[in-house]
Amino acid sequence: MPYPVALGRIPPDLSTFNGAFLYCTDCSAAHRISQNDRSPIYLDDGTPTSTDDLQRFLGAHVEHRFRLLRRSSDAEMLSHARWDPMCRVAWEASDGESDFVVTFGRTDLGSPRQYTIFPGRLLVENECVELDAEALRRVIDETLYPHAAPESKIEPLVEFCQRAIATIPSDRFEPVDEERDNPSVQLACLPPSVVEALLGETRRRFPASEAERLAQVVGDDLRRDIPLIRVTRRYRIQSLG
Ligand SMILES: [Zn+2]
């Protein structure tokens, strides 16, 4: 997309740009393009009135220079739990040449989201990967001898799993969910390489019948259904302005 974007080059078909951001570099104003821009709004007496937020935005910035930005990474900062309507969000966005940070949120419950954009990036400030060891102990215990497996059998397997996880780069874990009240925490199942290593270890440590029962749980439940991994990642904003 050449810079600056001329207003006349923005086609009427918004679906191409759905979700993208228009950034007026002359006055640092921002608008997120949405198909809802063209939705009619009904007055109290039922009369439809044509409101078009995009046209209103363009009208307010006639002759100004624009950049068209799209979200450029999965990096995300949230001020509150995602379900909180007052949550403020920061994303990375780019026009293919430069990096920007988009932030958005509401000033009160009844108002629409307001967007701000400025040159910058989101940098990982800290991250850690943890195994939910208690959940793994519970799974092994219930698989072998419900509520009666000796610690001497469980602990070495938990420690083996912890060591295996420590060798995996944090971006190799595939999130399946996030913690409900803390979106900085992504939940993931065991990656295939850890599952393979754990299966080998169970065969070495347990009699065949027990190893077989564990193999089913490790290969299916811990690979796909029970997210034992917590990846906590916190970002900070680096302003490039
Ligand atoms: Zn402007």
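How do the axes of helix α3 and helix α4 cross, and at what angle?

A: Keep in mind that this is a predicted model. Helix α3 covers residues 151-166 and helix α4 covers residues 192-205; their axes come within 10 Å and cross at roughly 155°. An angle over 145° counts as roughly antiparallel, so that is how α3 and α4 sit relative to each other. As for handedness, α3 passes α4 in a right-handed crossing.

Now for the residues that do the meeting. On the α3 side they are Pro-156, Leu-157, Phe-160, Cys-161, Ala-164 and Ile-165. Facing them from α4 are Val-194, Ala-197, Leu-198, Glu-201, Thr-202 and Arg-205. Sorted by class, this contact has nine nonpolar residues, one polar residue and two charged ones.

Helix α2 (residues 133-144) packs with helix α5 (residues 208-225) at an angle of about 140°, their axes 9 Å apart. With that angle, α2 and α5 are therefore oblique to each other. Here too the crossing is right-handed, with α2 passing α5. From α2, the contact draws on Val-139, Ile-140, Thr-143 and Leu-144. From α5 come Glu-210, Arg-213, Leu-214, Val-217 and Leu-222. By class, the contact of α2 with α5 splits into six nonpolar, one polar and two charged residues.

Stepping back, the protein has five helices and 11 strands. Of its 241 residues, 19% are buried. If you take contacts between residues at least 6 apart in sequence, 58% of them join residues at least 24 apart.

So where are the nonpolar cores? In general, nonpolar side chains tend to be buried together in soluble globular proteins. The largest nonpolar core here has 18 residues, and those touching the most other members are Phe-21, Leu-22, Tyr-23, Leu-69, Phe-100, Val-102 and Ile-117. Elements giving two or more residues to this core are β1 (21-24), β5 (66-78), β6 (89-94), β7 (99-105) and β8 (114-131). The largest share, four residues, comes from β5.

Leu-69 is worth a look on its own. Leaving out residues up to four places away in sequence, Leu-69 touches Ala-20, Phe-21, Tyr-23, Ala-93, Ser-94, Asp-95, Phe-100 and Ile-117. A second, separate core has 17 residues, including Cys-161, Val-194, Leu-228 and Ile-229. That brings us back to the helix pair you asked about: Cys-161 of α3 and Val-194 of α4 are also among the residues where those two helices meet.

Most residues other than glycine have a negative phi. Ser-28, though, has a positive phi, near 55°, and its place is in the loop between β1 and β2 (29-32). Glu-63 lies in the loop between α1 (53-60) and β5, and with 7 other C-beta atoms within 10 Å, Glu-63 is exposed.

Definitions and conventions
Residues are numbered from 1 along each chain as its sequence is written. This is a predicted model: local features need pLDDT of at least 70, side-chain atom pairs count only at pLDDT 80 or more; totals for chains, interfaces and linings use all residues. A residue is buried if 20 or more other C-beta atoms lie within 10 Å of its own, exposed if 12 or fewer, and partly exposed in between; C-beta atoms are placed from the backbone. Two residues are in contact if their C-beta atoms, placed from the backbone, lie within 7 Å. Axes are lines fitted to C-alpha atoms, for helices over the stretch in contact, and angles run from 0 to 180 degrees between N-to-C directions. Angles under 35 degrees count as roughly parallel, over 145 as roughly antiparallel, 65 to 115 as roughly perpendicular and the rest as oblique. A crossing is left-handed if the near helix is turned anticlockwise from the far one by less than a right angle, and right-handed if clockwise. Ala, Val, Leu, Ile, Met, Phe, Trp, Tyr, Cys and Pro count as nonpolar, Asp, Glu, Lys and Arg as charged, and the others, Gly among them, as polar. A nonpolar core is a set of buried Ala, Val, Leu, Ile, Met, Phe, Trp, Tyr and Cys residues joined through C-beta atoms within 7 Å.
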